[in-house]
Amino acid sequence: MEWRGRLARFAVTALSVGVLLTGGVSGVAPAGAATSDGAGQAPATYTNPVTAGVVDTFPDPSMIRGKDGFWYAYGTTNPIFNSKGEQGEHLLPVLRSADMVHWTYVGDVVPPDAIPPFWQGNSRAWAPDIRYLDGRYHLTYALSTGGIALATAPTPTGPWTHHGLLVPSAPVAGCPTGNIDQALFTDTDGTHYLYWGSYDVICVSKTNADATALTGPVTQVAQGRRMEGAFVVRHGGFYYLMYSDGGCCDGAFSGYTVKVGRSQSPSGPFLDDTGTDLMNHSSKGGFVLAPNGNGFTGVGHNAVQTDLSGQDWIVYHGISNADPDFPPVQTRAGVLNLSKRPMLIDRLDWIGGWPVVNAGAGASVSGAAAPVTTGPVDDNFSSGLAGWDSRGPASVGDATDSGRFAQLGAGATLTSKVRTEGDLRAQADVRTPAGGTVGLRAGVNGRNGAVAWLDSRARELRVEVTHGDTTVRSSSPLPAAFDATTWKVLTLDWVGDAVTASVSEDNLIDPLATATVTAPRNAAPGGAVAVSAQGAGGDVDNVSAAPAARPVTERVPDPVPGRLLTSYSDDFDGTGMPGTGDSAWSWVRQPATGPRLEDGRLVWPTQSAELYTGNNTASVLLRDAPRSDYLVETKLTFDGTRASQQAGLVLYQNDDRYLKLAHSVLPENRKAGEVLHQTEFGKEAERPTATPPLAVANGPMFGAAPAETTWLRLYVRHDAAHDEYDVRMASSTDGERWEWGGTWSLSNQGDLRIGLVSMNTAGATATFDYVHTYDMAQAAGAGASR
């Protein structure tokens with residue numbers, strides 16, 4: 001195990017895209033020794049994937065900051081060193097980092113010669129979720145043969161004790177879903193919840209006090225086409241359920257997108273940002289992260305993390321369009337074709353009460369500001385108490401789970417020799433025996449300053465701010481089962497005149513208690529940082545103070561239509577049927593009977609015909625598209641009720657190369673006979689890595705819920721540097737408020753044409769009010785850099 005002393009190493013990190021750190025440092029203190037896990041100062045910027053050059057793939061990642069001060073990431077079983085000639089897979093691989101950017105492989109949760117006896121013979125371990133609960137690391141993971149298992153350990157790298165299945169492989173009463181893709185969450189009353197489910201329902205149940213068994217009842221909280229990977233956080237009084245839909249693992253045709261719904265209860269109902277219940281039989285809005293044309297698709301299966309400035313981050317995997325797949329790999333389950341899914345991170349902003357990545361710009365590749373993982377004060381006491389002014393009984397202890405830490409007796413205080421200026425976040429790992437109280441102070445200047453007290457005797461979290469003769473305070477009760485004798489994360493944020501204390505087990509946006517006060521007039525956060533103990537004393541570790549992240553409050557603009565291009569538009573108010581005579585429209589496979597003009601609209605019954613890989617029988621109504629960037633929009637009224645009925649827009653090169661945005665009625669996988677109304681954004685093209693080389697593949701993304709009348713948009717941008725079309729979808733149910741979703745990229749192998757379809761299953765009618773095309777040559781807010 002490697003330890004570093006990290007007092008007074010401050011990386012001046014300028015955060016771009018609207019996030020700035022403010023503050024400074026005065027005084028001199030010794031810098032601690034650095035290690036190979038990210039030596040020296042934290043990086044100012046980073047490049048995605050952060051696991052590039054370390055492992056070939058790291059799917060379904062989760063992350064935690066260990067009590068040793070390092071960050072640890074856990075991934076799905078995969079061939080992580082395939083490019084180095086290594087055969088087979090690593091069973092739940094583990095990575096470690098000092099800065100969330102530079103990672104080192106440190107082992108696997110399950111050795112290949114120590115498979116737990118409850119695994120079935122061909123089981124593969126998927127989607128680990130990591131938590132720290134009452135002094136132990138809790139790792140839940142799914143088995144490919146069904147079922148959710150639990151392993152615990154005293155350190156982030158083990159040794160791991162396997163406790164069997166939390167959720168059985170057999171169906172659970174009341175939950176018609178695949179028993180995989182789980183995540184734990186702890187509420188403010190200390191109750192643990194387990195969320196799980198895949199393709200197409202997500203369920204939740206309470207667990208017992210040590211999170212080793214479900215206690216029920218089981219509640220369905222979300223359903224949707226290819227919905228899975230739930231991850232719940234609590235922020236600003238709401239519970240947010242993040243999940244992924246659209247397909248994780250189909251190489252360059254993976255349409256994974258992270259979405260969210262929020263609730264006032266951990267058991268729902270969860271609503272997306274349009275007010276749609278996540279249990280509705282439809283696709284959903286609430287976009288957090290979607291492919292944005294930056295060279296990666298399949299972005300999803302997320303977790304979260306918070307850096308030392310208080311900035312939240314999303315942790316997820318993505319697939320490179322340029323290098324999407326492994327060659328066939330021999331695994332415990334046989335020879336498999338697997339996609340490469342390295343780990344990426346990006347800034348998670350909270351705007352208008354909703355989480356969104358990089359203010360809505362989506363995933364980054366290079367040049368984004370890195371997480372803040374060190375600050376003016378940054379000490380894990382591996383170098384003792386140097387750099388602190390000590391008052392009262394204080395010493396340094398050692399523990400197997402966290403290394404060295406500071407032991408504070410009753411009345412003891414350690415005050416940093418470094419002084420901070422400006423808004424800041426202070427953070428420490430703390431624990432105290434019964435009757436003890438530990439405090440984290442900021443802005444210490446004589447009697448003035450703020451302090452967060454974790455008081456085990458009064459069983460409360462308390463925040464106080466003193467300025468002159470004025471002291472203001474607030475408190476919040478700790479959960480009934482709160483165990484102050486095990487490490488907890490105590491934070492103190494002083495931003496402007498708002499001072500907030502919080503305590504959590506693992507700082508995964510899951511506070512157990514929060515207390516906030518308004519600082520007295522003229523009080524400011526500048527000064528030293530200190531840790532204190534009263535009563536029975538307490539222990540502290542990983543003490544840090546960093547300039548506070550300045551939250552982003554505005555989203556980047558979405559595309560806005562430019563000038564209407566009348567020569568590429570049609571209001572269907574003519575007398576001639578499109579596709580006949582001298583019309584600008586033409587047919588691929590003109591139907592014998594079909595669409596008609598009626599009251600200035602194109603009315604088209606669905607055909608019993610398909611446009612899917614090798615089955616190309618559907619009619620397509622086409623017209624030329626502009627050569628410059630453009631946006632095409634239609635207003636569609638659709639009355640489909642049967643599975644596979646669909647109608648909408650296409651951008652068409654040929655039967656095997658197109659993009660489609662449609663109102664689709666699709667079957668629900670886990671509920672026989674039920675259907676889901678989807679805004680479906682599909683891509684079909686050749687799969688270059690397939691055998692034979694030109695095998696055709698088709699992949700979907702999903703937009704917000706459609707209505708009987710839905711407006712559809714496709715924004716087309718030619719990426720000259722990579723000679724491809726980046727096409728972003730949007731939909732609306734009122735023609736005013738648009739939900740912008742993901743981007744498919746299609747290599748330029750010829751002109752695309754604008755088209756309409758109404759197909760798959762007969763019995764429904766599509767009514768198109770118009771097709772409008774707009775010039776977007778000067779549009780902003782829609783491109784993605786690489």
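**Backbone and overall form**

Guide: Phe572 is buried, with a relative accessible area of 2%; buried means under 20% relative accessible area, exposed over 50% and partly exposed in between, with a 1.4 Å probe and protein chains only.

Visitor: What is the phi of Phe572?

Guide: Although Phe572 is not a glycine, its phi is positive, at about 55 degrees. Phe572 sits in the loop between strand S40 (538–547) and strand S41 (586–588). Strands (E, at least two residues) and helices (H or I, at least four) are DSSP runs, numbered from the N terminus.

Visitor: Before we go on, where does the model come from, and how are residues numbered?

Guide: This is a predicted model, in which local features need pLDDT of at least 70, side-chain atom pairs count only at pLDDT 80 or more, and totals for chains, interfaces and linings use all residues. Residues are numbered from 1 along each chain as its sequence is written, and side-chain values use heavy atoms, with hydrogens and water left out.

Visitor: And Met100, buried or exposed?

Guide: Met100 is buried, its relative accessible area being 0%. Met100 is not a glycine, yet it has a positive phi of about 70 degrees. Its loop runs between strand S5 (91–97) and strand S6 (104–110).

Visitor: Which peptide bond ends at Pro159, cis or trans?

Guide: The bond from Gly158 to Pro159 is cis, with omega near 0 degrees. Pro159 lies in the loop between strand S9 (148–153) and strand S10 (161–167). The bond from Tyr199 to Asp200 is also cis, with omega near 25 degrees, and Asp200 is placed in the loop between strand S12 (192–196) and strand S13 (201–206).

Visitor: Changing topic: how many helices and strands does the protein have?

Guide: The protein has zero helices and 56 strands.

Visitor: What about its radius of gyration?

Guide: The value is 28 Å, which agrees with the figure near 28 Å for a compact globule of 786 residues. The radius is taken over C-alpha atoms, and the globule rule is 2.2 Å times the number of residues to the power 0.38. Along its principal axes, the C-alpha trace spans about 95 × 60 × 45 Å.

Visitor: What share of the residues is buried?

Guide: Of the 786 residues, 62% count as buried.

Visitor: And what share of contacts comes from residues 24 or more positions apart?

Guide: Such pairs account for 65% of the contacts with a separation of 6 or more, where contact means heavy atoms within 4.5 Å.
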